[in-house]
Amino acid sequence: SSIAFGYIIYKVNEQNRLIDKLNESENKALKLAKIKENFLANMSHEIRTPLNAIIGFTQLLKSKDQDKEAHNYTDSILKSGEQLLYIVNDILDLSKLEAGVLRIVEAPFNFPKLLSHLEEVYQSKTSEKGIDFEMKLDQDIPAILYSDEMRISQVLNNLLTNAVKFTGKGKVSFFANSVDKRDGEITIRFVIEDTGIGIPEAMCRPISVAIP
């Protein structure tokens with residue numbers, strides 16, 4: 001009947017209007033995500049660039065001959081700058097996750113150099129607390145790795161910071177072991193142990209962070 005046909009036409013038109021609204025909403029969401037991505041990229045550059053400069057020049061200053069008091073001041077500036085950079089990175093990454101624009105950036109980097117920097121930082125932190133720090137690196141791990149150095153550094157820094165924070169006496173240990181090598185790829189297991197208060201065994205479970 002003409003009524004039924006008219007009703008079908010009405011429903012089809014209504015469905016098309018809904019589709020158009022959905023497409024419009026999707027386009028707006030994509031534009032908003034792009035605006036957020038550009039903003040966060042600019043923020044990352046604008047904040048990290050001066051911070052990296054401060055840290056870099058402080059490291060140069062630290063290498064110069066200084067009296068004990070000046071050396072302590074320089075060391076404090078360096079540690080504070082590095083800690084601020086870690087916090088900024090975490091905040092920016094959280095914002096990127098919420099915006100759905102966090103990306104893994106792969107590039108070659110010097111793995112022993114990364115661990116050497118971590119050892120220097122946390123050797124100093126543990127020394128201040130009167131606890132020991134040991135780091136062991138599996139010699140089978142290649143010196144040059146291809147992955148996201150900043151993400152690896154962030155994860156390890158967060159774990160080590162917590163280990164040092166909750167350890168009042170004893171030591172913090174860090175191990176990097178090669179557990180699998182095949183087809184030009186390597187799987188590395190990072191183990192961080194401490195003699196702090198720990199977590200009840202029932203609440204513990206192994207975690208795995210995959211970074212290409």
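Author: Start with arginine 182, which forms a salt bridge with aspartate 180; their closest N and O atoms are 3.2 Å apart. The term has a cut-off: a side-chain nitrogen of Lys or Arg must be within 4 Å of a carboxyl oxygen of Asp or Glu. Arginine 182 counts as exposed because its relative accessibility is 55%. Aspartate 180 is at 27%, so it is partly exposed. These words have limits too: buried means under 20% relative accessible area, exposed means over 50%, and partly exposed is in between, using a 1.4 Å probe and protein chains only.

A word on the model. It is predicted, so to speak of a local feature takes a pLDDT of at least 70, and side-chain atom pairs count only at pLDDT 80 or more, while totals for chains, interfaces and linings use all residues. Residues are numbered from 1 along each chain as its sequence is written, and side-chain values use heavy atoms, with hydrogens and water left out.

The structure holds 5 salt bridges. The side chains of aspartate 75 and lysine 62 meet at 2.9 Å, N to O. Aspartate 75 lies in helix H2 and lysine 62 in helix H1, so the pair ties together parts that are 13 residues apart in sequence. Aspartate 75 is buried because its relative accessibility is 15%. Lysine 62 is at 22%, so it counts as partly exposed.

Another pair is aspartate 148 and arginine 151, whose side chains meet in a salt bridge at 3.8 Å, N to O. Aspartate 148 has 4% relative accessibility, so it is buried. Arginine 151 has 10%, so it is buried too.

Now step back. The protein has 4 helices and 5 strands. Both are DSSP runs numbered from the N terminus: helices are H or I with at least four residues, strands are E with at least two. Along the sequence, the pattern reads α-α-β-α-β-β-α-β-β. Of the 212 residues, 25% count as buried.

Contacts come next. A contact means heavy atoms within 4.5 Å. Take the contacts with a separation of 6 or more: 74% of them are between residues 24 or more positions apart.

Next, the nonpolar core. Such a core is a set of buried Ala, Val, Leu, Ile, Met, Phe, Trp, Tyr and Cys residues joined through side-chain atoms within 4.5 Å. The largest one has 21 residues. Phe111, Leu115, Tyr122, Phe133, Val172, Phe174 and Ala176 have the most contacts inside it. Four elements each supply at least two of its residues: helix H3 (111–129), strand S2 (132–137), helix H4 (149–165) and strand S4 (171–182). H3 gives the most, with 6 residues.

Look at phenylalanine 174. Leave out residues up to four places away in sequence, and its partners include Leu115, Phe133, Leu156, Leu160 and Phe190. Another core lies apart from the largest one; it has 6 residues, among them Ile55, Leu78, Leu85 and Leu92.

Threonine 126 is found in helix H3. It is at 0% relative accessibility, so it counts as buried. Beyond four places in sequence, threonine 126 touches Ile131, Asp132, Phe133 and Val164. Threonine 58 is found in helix H1. Its relative accessible area is 8%, so it is buried. Threonine 58 is in contact with Thr74, Ile77 and Leu78, again leaving aside neighbours within four places.

Last, a pocket. On a 1 Å grid over the protein atoms alone, a cavity is a set of points where a 1.4 Å probe fits but cannot get out, whereas a pocket is an open set with protein on both sides within 12 Å along at least five of seven lines. Lining residues have an atom within 4 Å of a point. The second largest pocket has about 510 Å³ of space. It is lined by 17 residues, and Asn52, Leu85, His117, Glu149 and Ser153 are the closest to its centre. Helix H1 (2–62), helix H2 (68–99), H3 and H4 give two or more residues each to this lining. H1 supplies the largest share, 5 residues.

Methods:
Grid points are joined across faces, edges and corners, and a volume is the space filled by probe spheres set on the points.
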